[in-house]
Amino acid sequence: MLEEAVEVMRALWQGDFVSHRGRHYTVANARIYTLPEQPPPVYVSAFGPKALEVAGRIGDGYIATMPDADMVQDFRDRAGPGKPTQGGTKVCYAADQDTGVEIAHRLWANSGVPGELAQVLPSPRHFEQVSQLVTRDMTRDAVACGPDPAAHLEQIRKCVDAGTTRSTCPTWGRTTRARCGSTATRCCRSSAEPDRAATRRRAVVAVPSSLCRSPDLGWRTPVRRGFLLQWHRPKGEWWPTS
């Protein structure tokens with residue numbers, strides 16, 4: 001079903017009229033009149049062997065649903081060299097860890113639902129029910145919460161260690177710009193020894209723009225919805241990309 005959908009999307013991005021009658025989709029005389037300069041790349045998410053096979057065959061890139069180096073390498077083996085791999089992790093910046101855990105558990109307890117269960121639940125009502133099985137301690141163990149930049153960096157490094165070339169790091173809840181900027185200063189200018197994975201390639205991490213608007217940093221103006229950081233080997237620091 002996904003493979004057929006991607007086939008139709010790519011046909012439409014050519015700008016011609018498209019008619020398609022397949023197993024899952026029927027399209028009659030469809031056309032996109034305002035085309036992008038370049039067709040958008042299609043990144044495919046996968047966390048099982050069948051999905052990885054499809055991702056490697058049809059994807060322009062891979063979205064890892066967890067920091068798993070074996071799955072990232074499996075995609076590369078199937079897709080060939082050069083295709084990007086994207087990972088992601090969620091954090092919760094807050095004044096203290098307990099407050100962060102409370103926010104994360106209230107807003108996204110269902111992220112602690114194990115295995116493939118989250119892929120088969122039919123409605124939000126069922127997610128609500130199963131999320132009651134996720135305790136605050138489970139959220140505390142799974143999510144970096146609080147103001148400590150070391151905890152946030154450690155969670156980001158799991159994606160880098162898994163071999164992803166780009167990682168996103170959204171934060172739950174509302175945060176004050178001043179506190180986030182202070183955290184970004186310490187977090188992104190950390191003098192910690194870079195891990196081996198980060199020194200082997202350009203490790204890029206996207207974090208919320210509010211984390212990077214600090215007058216002390218002297219960086220370029222960040223993009224409105226996010227900010228890209230890469231590991232700067234000579235300085236041993238996270239620096240903004242151009």
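In which strand does Asn 29 lie? Asn 29 lies in strand E2, residues 26-30, where helices (H or I, at least four residues) and strands (E, at least two) are DSSP runs, numbered from the N terminus. Before I go on, let me say that this is a predicted model, in which local features need pLDDT of at least 70 and side-chain atom pairs count only at pLDDT 80 or more, while totals for chains, interfaces and linings use all residues. Residues are numbered from 1 along each chain as its sequence is written, and side-chain values use heavy atoms, with hydrogens and water left out.

Back to Asn 29, then. Its phi is near 50 degrees, a positive value in a residue other than glycine. For context, most residues other than glycine have a negative phi. Asn 29 counts as exposed, at 57% relative accessibility, and the terms I use here are buried for under 20% relative accessible area, exposed for over 50%, and partly exposed for what falls in between, with a 1.4 Å probe and protein chains only.

Let me turn to helix H3. This helix spans residues 69-79, and its buried residues are Met 71, Val 72, Phe 75 and Ala 79. Seen down the axis of H3, these buried residues fall within an arc of 105 degrees, so they line one face of the helix; the arc is that of the directions from the helix axis to the C-beta atoms. On the other side of H3 we find Asp 70 and Asp 77, both exposed. As for what covers the buried residues of H3, the list includes strand E3 (43-46), helix H2 (49-58), strand E4 (61-64) and strand E5 (85-88).

The two ends of H3 deserve a word each. The N-terminal end is capped by Asp 68, with a side-chain oxygen that lies 3.0 Å from the backbone nitrogen of Asp 70. After H3 comes Gly 80, and the phi of Gly 80 is positive, near 90 degrees.

Two of the covering strands can be described together. E3 and E4 pair in the parallel sense over four bridges, where two strands pair if DSSP finds at least two bridges between them. Within this arrangement, Ala 46 stands opposite Ala 64 in E4. E3 has a covered face, made of Val 44 and Ala 46, and an uncovered one, made of Tyr 43 and Ser 45.

Leaving aside neighbours within four places in sequence, Thr 85 is in contact (heavy atoms within 4.5 Å) with residues including Tyr 62, Val 72, Phe 75 and Gly 163.

Now to the charged pairs. The structure holds six salt bridges, a salt bridge being a side-chain nitrogen of Lys or Arg within 4 Å of a carboxyl oxygen of Asp or Glu. One of them joins Asp 74 and Arg 78, with the closest N and O atoms 2.7 Å apart; being four residues apart in helix H3, Asp 74 and Arg 78 are separated by about one helical turn. Arg 57 and Glu 53 also meet through their side chains, at 2.8 Å from N to O, and they are likewise four residues apart, in helix H2. Glu 3, Glu 53 and Arg 57 are linked in a network of salt bridges.

A further salt bridge brings together the side chains of Glu 102 and Arg 136, at 3.0 Å from N to O. This pair links distant parts of the chain, with Glu 102 in helix H4 (residues 97-108) and Arg 136 in helix H7 (residues 136-142), 34 residues apart. Glu 102 is partly exposed, with a relative accessible area of 34%, and Arg 136 counts as partly exposed at 42%.

Finally, the cysteines. If a disulfide is taken as a pair of cysteine sulfur atoms within 2.5 Å, the count comes to zero. The sulfur of Cys 145 is 5.1 Å from the closest cysteine sulfur, in Cys 92, which is too far for a bond. Cys 145 is buried, with a relative accessible area of 6%, and Cys 159 counts as buried at 2%.

Definitions and conventions
A polar contact is a pair of N or O atoms within 3.5 Å; within protein, one must be able to donate a hydrogen and the other to accept it, and residues adjacent in sequence count only if both atoms are side-chain atoms.
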